[in-house]
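Trainee: Could you walk me through this one before I start on my notes?
Mentor: Gladly, let us open it and go topic by topic.

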Amino acid sequence: MTQRGWDELDVLFVSGDAYIDHPAFGTTLLARLLEAEGLQVGILAQPDWRDPEAFKVMGRPRLFAAISAGSMDSMVNHYTAAKKVRNNDAYTPGGRAGARPNRAVIAYSAAIKGAFKGLPTVIGGIEASLRRLAHYDYWDNKVRRSMLVDSKADLLLFGMAESALSELVERMLAGETIDSITDLRGTAYLAKASPDDAIELPTYEEVTKSTDAYNRAFRLASEQNNPFSGKALFQPHGDRLVVVNPPAMPLTEEQLDRIYALPFTKLPHPLYKEPIPAYGQIKFSITSHRGCCGGCAFCAITHHQGKTIQSRSEKSLHEELDRLSRHPEFRGTITDVGGPTANMYGMHCNDPQAQTVCRRESCLYPQICKNLDTNDKPAVALLRKLRSHPTVKHLFVASGVRFDLLNRQPDYFADLIKYHVGGLLKVAPESTSPKVTKIMRKPGPQVFEQFLQRFREQSLELGKNQAVVPYFISSHPGCTLDDMIDVALFLRENNLRVEQVQEFTPTPGSLATCIYHTGRDPFTGDAVHVPLNATERRRQKALLLWHLPESRKDVIDSLRQSGREELIGRLTNDQKLSIGKPSRPPKQRAERKQKR
Ligand code: SF4
């Protein structure tokens, strides 16, 4: 501030992450955007929330404080799926844990209110965004109120927030007060009365008491996710209403290009002396697009970034590469060109009318929608252009790819295998049991098998020794021990090794979390098995890692429990243990299980 001759900020950003001047971080991106619009902004990164003085170092800002927990929900950042405390934090210098509080948005908001009496507070980022309505919280094992209520903030910004924040600032500079700004897309606020035409959700008190009411609220809110036609929602909490306006409109190519052309240094703040692990991962990566139209049940990207794919222009990406190539540590390798799903670059809905009224959460499930333009030409042209940059030696695609789309993207697939894989390709079938993939809204095992075959054949043709790294989730709602045994067999038969198992964590806002809490699919009303028992959860994990000696006991116990002892030899690689009994038909297995 001294160097810039500022004696006061307009907006003070508070973030739970260390400050890295890279557009992969939401706070940085928003701060650079407001700076470009002529505002004086400061970022308070990982302040000590127990010390009110720590919040005063840049003084009281003129307009408001904008608070975020950082790139992750603070509870996901702090605890494992087994609710054990993590001892590291990728967003902190030295990777140390403990630099941000639990439920950081609430703690920072309280500290700001203590430091600057009467200062308006605006909350946003993934934590506030996905907790904008009453929601099930896995760590408290109860339904919590909207974070707007718990943080006592004046306004909540959900989604990527650029448009909402810019307009909010513009209107406040023009003299409007924050409590009078109630019509901004992508925002939520507390009110005494509901806006006209808004959809009423079951109250916080109702969703706390009844899982049916919780499912109804989830379904009603999901139906209004479409930015082109969604209506405002309101959910009573006591005598107040949490009003959620329709989502912000997707950004145009021009708007996105402008944001990514802002003068990011792509470096951590010079104050930091230790490396920040997350920076290492994104230092030489390029974001080509945002949004995901996959709508997987366990992922909340659709609720945060939206279903519409918003892509940058080839020119903008090439210019970013030009700038990146001048980075002092650049040695010719781009570690990733992608977005939430790498092969969705340039994809769009071909029918604007259908898009306006569309209520599908996924453009890919149960079948790829006929209106979805899956043409791979834009993505192929982009990768060709970037890899022919004179400074580039290697250009990888490390973001995950949707293998069901690759069937329709032959040129992208060919180029991916030939130039951009780097030995290992990450794909996420998540399960191969058709019953489970249906609940996850993922493609089934046949599609994955076809993909594997093509990948292996083409790699062989090219003389490349490449492999697929498959990602699987254990204990996902709908997955029984029997299903996981089938997955283990699939892995064995297809010669795949899972290296890391992701144990299902019910993170706020996702469909799978809703099912985890209520035990029913909110859209069909069907009862769904939820693996809650610690032994079952451990055994599911062991089955995914069936090839490891330490999994042996759990694998054998699982097979015995499911009445499938004849598989012991196959899943322990010890044929002596095969008792040779024929496999019981599913009906008998179910009866036997019921008897137990
Ligand atoms: S109409 Fe089809 S392609 Fe268009 S948004 Fe809806 S699901 Fe996606």
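This is a predicted model: local features need pLDDT of at least 70, side-chain atom pairs count only at pLDDT 80 or more; totals for chains, interfaces and linings use all residues.

Trainee: Okay, which residues are around the ligand?
Mentor: The residues around the ligand are Lys-307, Cys-349, Ala-354, Cys-358, Arg-360, Cys-363, Cys-369, Asn-371 and Leu-372, and by class this shell divides into 6 nonpolar, 1 polar and 2 charged residues.

Trainee: And which pocket does the ligand sit in?
Mentor: The ligand sits in the second largest pocket.

Trainee: Switching topic, how many salt bridges does the structure hold?
Mentor: There are 41 salt bridges in the structure, and one of them pairs Asp-21 with Arg-32, with 2.7 Å between the closest N and O atoms. Asp-21 lies in the loop between strand E1 and helix H1, and Arg-32 in helix H1, so this pair ties together parts that are 11 residues apart in sequence.

Trainee: Are those two buried or exposed?
Mentor: Asp-21 and Arg-32 are both buried.

Trainee: What about Glu-162, which side chain does it meet in a salt bridge?
Mentor: Glu-162 meets the side chain of Arg-290, at 2.6 Å from N to O. Since Glu-162 lies in helix H6 and Arg-290 in strand E13, the pair ties together parts that are 128 residues apart in sequence. Glu-162 has a relative accessibility of 4% and therefore counts as buried, and Arg-290 is buried with a relative accessible area of 4%.

Trainee: Which residues do shared partners join into one network?
Mentor: Salt bridges that share partners join Asp-73, Arg-103, Arg-131, Asp-137, Asp-140, Arg-144, Arg-145 and Asp-150 into one network.

Terms used:
Residues are numbered from 1 along each chain as its sequence is written. Side-chain values use heavy atoms; hydrogens and water are left out. A residue is near a molecule or strand if one of its heavy atoms lies within 4 Å of it. On a 1 Å grid over the protein atoms alone, a cavity is a set of points where a 1.4 Å probe fits but cannot get out, and a pocket is an open set with protein on both sides within 12 Å along at least five of seven lines; lining residues have an atom within 4 Å of a point. A molecule sits in a cavity or pocket if more than half of its atoms lie within 2 Å of its grid points. Ala, Val, Leu, Ile, Met, Phe, Trp, Tyr, Cys and Pro count as nonpolar, Asp, Glu, Lys and Arg as charged, and the others, Gly among them, as polar. A salt bridge is a side-chain nitrogen of Lys or Arg within 4 Å of a carboxyl oxygen of Asp or Glu. Helices (H or I, at least four residues) and strands (E, at least two) are DSSP runs, numbered from the N terminus. Buried means under 20% relative accessible area, exposed over 50%, partly exposed in between (1.4 Å probe, protein chains only).
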